[in-house]
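User: Please go through the ligand site and the aromatic contacts of this structure with me, one point at a time.

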Amino acid sequence: MQPIHIIGGGLAGCEASWQIARAGVPVILHEMRPSRGTEAHRTERLAELVCSNSFRSDDAENNAVGVIHREMRALGSLIMRCADANQVPAGGALAVDRDGFAAAVEAAILAEPLITVRREEVAGLPPESWDKTIVATGPLTSPALAESIRALTGENALAFFDAIAPIVHFDSIDMDIAWRQSRYDKAGPGGTGADYVNCPMDKAQYEAFVDALLSSEKTEFREFEGTPYFDGCLPIEVMAERGRETLRHGPMKPVGLTNPRDPTVKAYAIVQLRQDNALGTLFNVVGFQTKLKYGEQSRVFRLIPGLQHAEFARLGGLHRNTFLNSPRLLDGRLRLKGRPGLRFAGQITGCEGYVESTAIGLLAGRLAAGERLGREITPPPATTALGALLNHITGGHLESIEAGARSFQPMNVNFGLFPPIEGPTKDEAGKKLRGPDKGAARKRALSARADLDLKGWIKGMGARA
Ligand SMILES: Cc1cc2nc3c(=O)[nH]c(=O)nc-3n(C[C@H](O)[C@H](O)[C@H](O)COP(=O)(O)OP(=O)(O)OC[C@H]3O[C@@H](n4cnc5c(N)ncnc54)[C@H](O)[C@@H]3O)c2cc1C
């Protein structure tokens, strides 16, 4: 049987290789290290964790990351098996001994007779003769391959610089303070004239916010992150350093917006949030790309009126990244629309994080193996964590009325990506649920639905667990 080629022996590439081999299909895995390194990897190992040693929450009842852990375990994930076997104490999180973890993944890959590992860089597009290839080269894809992908997909389709703004769960925004309106009520194509959520500030609130930005702790750029800023996506704290009024004339300008609760009083500054997913459950804070430390972001952004109880689906950040504009370029099975023999997996598809990269590697592997065996697999339903993430990458993201090359941004798995559900309104004793209790019950309902639907998918597809 003709092998499937995988480029990149990171988290996604190893998981995809494993899934394909388990399905009985041969794999050739190309990994460029050690002959060529990246700015972040330090070892020769396959599946090296480049930064933290955490796979985040392992709570499958209350957290979407825990749900995706559960789903990957049910589907025989190699990465999850090795993570479980190399766990270190970390409260409710799944954290690992990074050396033991990478060694275990590498040993399993090398011991698998259907997988051949070639230590070489694939410095351009794979030849057509490879037939089926999965590109899983991650955020630090080697420049030669990145350049060829960019040439194939179009000038602006591959971002090399990742400036991300925080994303907030809509239901945590205080709509008694904020209001919906587009600047000058412009509807634009596909808009309604009320597409943005607006958070008003008076002068004192603005001054306090700028002070908090200026005095907060920032993450230091590492050597490999020497990419220059584009003026269009400066971190907000850098803008604030340029002058106290800069933000008020930039992303926080108060023009063209009227607070319906106070129409005669003009806000001194306004923070806007824009719908981020088709479901309307997530909103990004417009122009708020930042390199403030995570803890500082939650503290400082909750100073914004209307966001005082904000729950963040993702915090902002700034680092070099290579990712496709997947909603436009990939089909629902992660294949390049213009060249379906080429499939993508891992962070390069626009998911964010170890767990998500692995999850997309798992799906890419299963989908590719199914095709090779002539048994097309239907992707998991959007009500599962795997399906919700896949759906977001390949189509759930909403191109806003100001869509541009950077409209689609890397995303962690979170409950905001799941189709909404009516959670229980009363607890077991029949008492009416309110506030945080109601939110927690809704998460448990989403998790239970995901569990049921994944089991159904595994059963229906004959997917080998
Ligand atoms: C600096 C940095 C820190 C991060 N920290 C975290 C974190 O703490 N927690 C978290 O959850 N996520 C983090 N991420 C995000 C992301 O989840 C990880 O980068 C994750 O490893 C992505 O998995 P992947 O399999 O897509 O890519 P990788 O794990 O990076 O694997 C890609 C592999 O492809 C190889 N490769 C690249 N180009 C070629 C080529 N042309 N030919 C052959 N091989 C090639 C690379 O050597 C690498 O082994 C971080 C990302 C970066 C850039």
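This is a predicted model: local features need pLDDT of at least 70, side-chain atom pairs count only at pLDDT 80 or more; totals for chains, interfaces and linings use all residues.

User: How far is an oxygen atom of the ligand from an N or O atom in the side chain of glutamate 31?
Analyst: Polar contacts are counted within 3.5 Å. A ligand oxygen lies 2.8 Å from a side-chain N or O atom of arginine 33, and a ligand oxygen is 2.8 Å from a polar backbone atom of tyrosine 354. For the side chain of glutamate 31 the distance is 2.6 Å.

User: What share of the area that the ligand exposes when taken alone does the protein bury?
Analyst: Taken alone, the ligand exposes 970 Å². The share of this area buried by the protein is 94%.

User: Which residue caps the N-terminal end of α3?
Analyst: Helix α3 spans residues 78-85, and its buried residues are Leu78, Ile79, Met80, Cys82 and Ala83. The backbone nitrogen of isoleucine 79 lies 3.3 Å from a side-chain oxygen of the capping residue. That residue is serine 77.

User: Are the rings of phenylalanine 209 and phenylalanine 288 stacked, tilted or edge-to-face?
Analyst: The whole structure holds eight aromatic pairs. In this one the ring centres are 6.1 Å apart and the planes meet at 25°. Planes under 30 degrees apart count as stacked, so the pair of phenylalanine 209 and phenylalanine 288 is stacked.

User: How many residues apart are phenylalanine 209 and phenylalanine 288?
Analyst: Both residues are buried. Phenylalanine 209 belongs to helix α6, whereas phenylalanine 288 sits in the loop between β13 and α9. The pair links distant parts of the chain, 79 residues apart.

User: What is the angle between the ring planes of phenylalanine 301 and phenylalanine 312?
Analyst: Phenylalanine 301 lies in helix α9 and phenylalanine 312 in strand β14. Their relative accessible areas are 1% for phenylalanine 301 and 17% for phenylalanine 312, and both are buried. The ring centres are 6.5 Å apart, and the pair is tilted, with an angle of 55°.

User: Which residues form one aromatic cluster?
Analyst: Phenylalanine 209 pairs with phenylalanine 288, and phenylalanine 301 pairs with phenylalanine 312. The cluster consists of Phe209, Phe288, Phe301 and Phe312.

Conventions: Residues are numbered from 1 along each chain as its sequence is written. Side-chain values use heavy atoms; hydrogens and water are left out. A polar contact is a pair of N or O atoms within 3.5 Å; within protein, one must be able to donate a hydrogen and the other to accept it, and residues adjacent in sequence count only if both atoms are side-chain atoms. Accessible areas come from the Shrake-Rupley method with a 1.4 Å probe; for residues, only the protein chains shown count as cover. Buried means under 20% relative accessible area, exposed over 50%, partly exposed in between (1.4 Å probe, protein chains only). Helices (H or I, at least four residues) and strands (E, at least two) are DSSP runs, numbered from the N terminus. Rings of Phe, Tyr and Trp (its six-membered ring) pair if their centres lie within 6.5 Å; planes under 30 degrees apart count as stacked, over 60 as edge-to-face and the rest as tilted.
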